[in-house]
Amino acid sequence: MAEIDDFDIDRSIAQAWTEFSERLSEVISIMDDSGDLTIGTESASSDPAPFVRFSCPTRDQVRCEAASNAVLGEDFQLSADQLAAMERLGWLPPTSDPPYPTSNFWVEAPQEESDRVAALAVGALRDVYGVQHPIFLAPDQLAEVLHPVTGPVETTAGELAPVRHHDLESQLARDQSHLDRLVEAELAEMFGHPPLRDSEGDVAIRVGSTMLFLRTAADGQEVLIFAAVVHDVAGRSRATEVLNDLNVEARWVKFQLVRDRVFVSLSVPAKPFVPAHLRQGVRILSDVADGIDNELAIKLNGRTTFSDHD
């Protein structure tokens, strides 16, 4: 049986950004002047959202620009502290000087310094623009940075395709590694880009505004889908009572207190593995996690995953 007692969401998110930065550095190191790379951020707002853009103005030279207030919409305007933070990270302020005047923050460096440029981009996206996890970046550019999509994309991020006949076809995984590959292939088809897997083997996915994680059991018989819904819970006794009541009422999911965090999880039988069952599990858990996190955080005097940490 897969367990989540050892799961550390902060560590997982930190690893995801580290691995994203490494992949981005690889992409930057082989860019040429044939095209730019823009990494946007997902938002429900119609206002222009934050982005970083990479180009190669000259041979072996990379230029990166990051959105400033001159191009950001009203919902995304940077405060004075955020503007100062960009310059502390190493970004240069907008300039009217030739040969490349720009209204954005910018930096140029030899392509061999791709690690530094990638780190600057991650700093802007994560620390200034407030992107909580790489899965909340625009999916088309996310796919380009990670891997090319090998099959047709039939869904967009946050949308699950309707069940088709082949989703009902079962496959018998030989072991955990084989099950991992089956799960990854199905998630790539569902969301249009390969999933992000951390060094612990957990997969992070996004459905709408909800972040879910998946892990497979060591015996290859189960896929556990889970989400952290409340953090910094005050009072374990009170939390235990509330979660016991929720578990009595819940049909598919289980609520669990792990240290000072509340997780909600759902177990998908995987012997055999049926793609439709995984899709259904993702939908059920995302609906539950997205629908209860704010209310539960208030009740337990905690905070939701993407609330202000300060």
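What volume does the second largest cavity have? Its volume is about 40 Å³, and Figure 1 takes us there. This is a predicted model, where local features need pLDDT of at least 70, side-chain atom pairs count only at pLDDT 80 or more, and totals for chains, interfaces and linings use all residues. Residues are numbered from 1 along each chain as its sequence is written, and side-chain values use heavy atoms, leaving out hydrogens and water.

**Figure 1. The second largest cavity and its lining.** On a 1 Å grid over the protein atoms alone, a cavity is a set of points where a 1.4 Å probe fits but cannot get out, and lining residues have an atom within 4 Å of a point. Here S12, A16, E19, H133, L196, R197, D198, D202 and A204 form the lining. Helix α1 (9-29) gives the largest share, three residues. By class, three are nonpolar, two polar and four charged (Asp, Glu, Lys and Arg count as charged).

**Figure 2. The largest pocket.** A pocket is an open set of points with protein on both sides within 12 Å along at least five of seven lines. This one has a volume of about 560 Å³. Of its 20 lining residues, E42, S43, F76, G130 and F136 are the closest to the centre.

**Figure 3. Helix α7 and its bend.** Helices are DSSP runs (H or I, at least four residues), numbered from the N terminus. Just after α7, look for N301, with a positive phi of about 55°.

How values were computed:
Points joined across faces, edges and corners; volume = space filled by probe spheres on them. Bend = angle between axes of the 7 residues up to and from the residue. Helix = DSSP H or I, 4+ residues; strand = E, 2+ residues; numbered from the N terminus.
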